[in-house]
Amino acid sequence: MNKDPKISHIQIRGLMISTVIGVGVLSMQNSLVTLLETDGWIAIILAGILTIPVLVMYDQLFKLHPGMDYFQIVKATLGPIIYYFSLIIMLAYKIFAIGI
């Protein structure tokens with residue numbers, strides 16, 4: 001068993017794909033049926049297609065920075081000030097989203 005706790009780019013790719021499928025297929029159905037009625041399947045497929053470039057970008061980032069995890073890559077790419085600022089914004093968003 002590998003004792004390295006880091007997630008590889010292949011594992012993050014699988015995680016992102018399963019997340020996109022899980023959100024698109026399982027949780028968006030009720031709200032899409034209410035809003036779009038029978039055309040909701042088009043929105044699910046379109047959202048899946050639009051996330052493919054993001055997945056490719058993540059994959060390329062992990063290939064460019066081997067041995068680094070996501071947070072190390074973002075900190076090295078954006079710089080520490082922007083990194084911590086964006087981390088605080090994401091944390092505040094998640095707290096707000098959980099509170100709703």
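**View 1. Helix α4 passes helix α5 in a right-handed crossing.** A crossing is right-handed if the near helix is turned clockwise from the far one by less than a right angle, and left-handed if anticlockwise. The model is predicted: local features need pLDDT of at least 70, side-chain atom pairs count only at pLDDT 80 or more, and totals for chains, interfaces and linings use all residues. Residues are numbered from 1 along each chain as its sequence is written, and side-chain values use heavy atoms, with hydrogens and water left out.

**View 2. The axes of α4 (residues 70-78) and α5 (residues 80-99) come within 6 Å and cross at roughly 130°.** Axes are lines fitted to C-alpha atoms, for helices over the stretch in contact; angles run from 0 to 180 degrees between N-to-C directions. The two helices are therefore oblique to each other. Angles under 35 degrees count as roughly parallel, over 145 as roughly antiparallel, 65 to 115 as roughly perpendicular, and the rest as oblique.

**View 3. Phe 71, Val 74, Lys 75 and Leu 78 of α4 meet Pro 80, Ile 82, Tyr 83, Tyr 84, Ser 86 and Leu 87 of α5 in the contact.** Contact means heavy atoms within 4.5 Å. By class, the residues are eight nonpolar, one polar and one charged.

**View 4. Helix α5 is hardly covered.** Of its 20 residues, one is buried. Buried means under 20% relative accessible area, exposed over 50%, and partly exposed in between (1.4 Å probe, protein chains only). At 1.5 Å a residue, α5 should span 28 Å; its end C-alpha atoms are 28 Å apart, which agrees. The expected span is 1.5 Å times one less than the number of residues.

**View 5. Gly 67 sits in the loop between α3 (40-64) and α4.** Gly 67 is exposed, with a relative accessible area of 55%. Its C-alpha atom is separated by 7.9 Å from that of Ser 8, 59 residues away along the chain. Leaving aside neighbours within four places in sequence, Gly 67 contacts Lys 6 and Gln 72.

**View 6. The protein chain has five helices and zero strands.** Helices (H or I, at least four residues) and strands (E, at least two) are DSSP runs, numbered from the N terminus.

How values were computed: Ala, Val, Leu, Ile, Met, Phe, Trp, Tyr, Cys and Pro count as nonpolar, Asp, Glu, Lys and Arg as charged, and the others, Gly among them, as polar.
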